[in-house]
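The sequence and the model are shown first.

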Amino acid sequence: MNIIILFESDKQDDGLYHLSDYRAEHIRSILKSQINDRLEIGILNGQQGTASVQSITENEIILSNIQLEEPLQNNLTIDIIVALPRPQTVKKVLFISAMMGVRNIFFIRSNRVEKSFFHSPLLEEKNYNRFLIDGLQQGKNTLLPVVSIHDKFKPFMQDSLRLFYEKRQEQPFCLLPDLDTEHTLAEVVNIGADEGVYRPLNANESVCNVPTNRHPERSRRVDLDVEPNNVIPVKTGIQKLNAQVLGAPLLGVGSHLLFAIGPEGGWVPYEIEMMTSLGFHKFKLGGWTLRVEHALTACLAQTELLM
């Protein structure tokens, strides 16, 4: 726990924050804080800052003298579609998503998702919020991801997703990890931004778009067939790009990505065909078959390299 998330309900009439749950136990037993120590805190969906420990008892800890900083700029918006996994994996997906700054999580049905997963008590907000909060406190974030559950694949893809983004006047760049393609994430983002070659054929009916908000210094397409002596000597997922890419991010402020993470058995061909027809662009995470939570982490980590 690298930051203590505070809720509006923690604030009492005296204007102080009273903690009596696992956060208080963490401050008492793990941080071993004393009176007047300052702690890093964050207001849920608000600013970060510090607070002083005013009182420590067996039953509660009181925080005072809250000093908040200017909110950090959100340079990148990431949403994820996840074929609903088993409950233990859902917990990991929630934690990772909050920790690494995902905005929206769409859990959906797919052909290889067990129907019983949709009856799990974990899918109730009161039960899954704890894992989101834990992720925020690990990653030092304050913005709680929004979770929604969708038990039909086709209506979600064709209607619900489009309406969701139309309402918000947003058009993300949609990405589909796939073992059968050779293009890396960096290549797909770079080519799409420069030439629009991945733009949906029927863009008016798709939620997806090319990443037009790329970094202003990226004024041309990078040659992907670089000479061997120019290849970055580390396996970062963008090893086919020459070294000058590292000095000019591919994604600029305001970029918006949507990843579709399939079940551990993979999307079936029908699902892949539908997503690509709606504008999802295939890219290769690597040569490995990954678990759901590992694929999610790899997507988010590779995206960070492009900023």
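The structure is a predicted model, in which local features need pLDDT of at least 70, side-chain atom pairs count only at pLDDT 80 or more, and totals for chains, interfaces and linings use all residues. Residues are numbered from 1 along each chain as its sequence is written, and side-chain values use heavy atoms, with hydrogens and water left out.

The protein has 7 helices and 11 strands; these are DSSP runs numbered from the N terminus, helices being H or I of at least four residues and strands E of at least two. Of its 307 residues, 47% are buried, where buried means under 20% relative accessible area, exposed over 50% and partly exposed in between (1.4 Å probe, protein chains only). Among contacts with a separation of 6 or more, 72% join residues 24 or more positions apart; a contact means heavy atoms within 4.5 Å.

In H2 the buried residues are Thr89, Val90, Val93, Leu94, Ile96, Ser97 and Ala98. Their cover includes strands S6 (76–83), S7 (104–108) and S8 (146–150), together with helices H3 and H7. Just after H2, Gly101 has a positive phi of about 85 degrees.

H3 buries Tyr128, Leu132, Ile133, Gly135, Leu136 and Gln137. Strand S1 (4–6), H1, H2, S7 and S8 are included in what covers them. Lys140, which follows H3, has a positive phi near 60 degrees.

In soluble globular proteins, nonpolar side chains tend to be buried together. A nonpolar core is a set of buried Ala, Val, Leu, Ile, Met, Phe, Trp, Tyr and Cys residues joined through side-chain atoms within 4.5 Å. The largest such core here has 63 residues, of which Ile81, Met157, Phe259 and Phe280 touch the most other members. Another core, of 13 residues, lies apart from it and includes Leu6, Leu19, Ile43 and Val53.

Phe280 lies in the loop between helix H6 (269–277) and strand S11 (281–283). With a relative accessible area of 4%, Phe280 is buried. Its C-alpha atom is separated by 7.7 Å from that of Phe173, 107 residues apart along the chain.

His26, in helix H1 (residues 22–30), is also buried, at a relative accessible area of 12%. Beyond its neighbours within four places in sequence, His26 contacts Met1, Ile4 and Leu31.

For Asn45, between strands S3 (38–43) and S4 (48–56), the angle is about 60 degrees. Asn45 is partly exposed, with a relative accessible area of 46%. Gln169, whose phi is about 55 degrees, lies between helix H4 (153–167) and strand S9 (173–177) and is exposed, at 76% relative accessibility.
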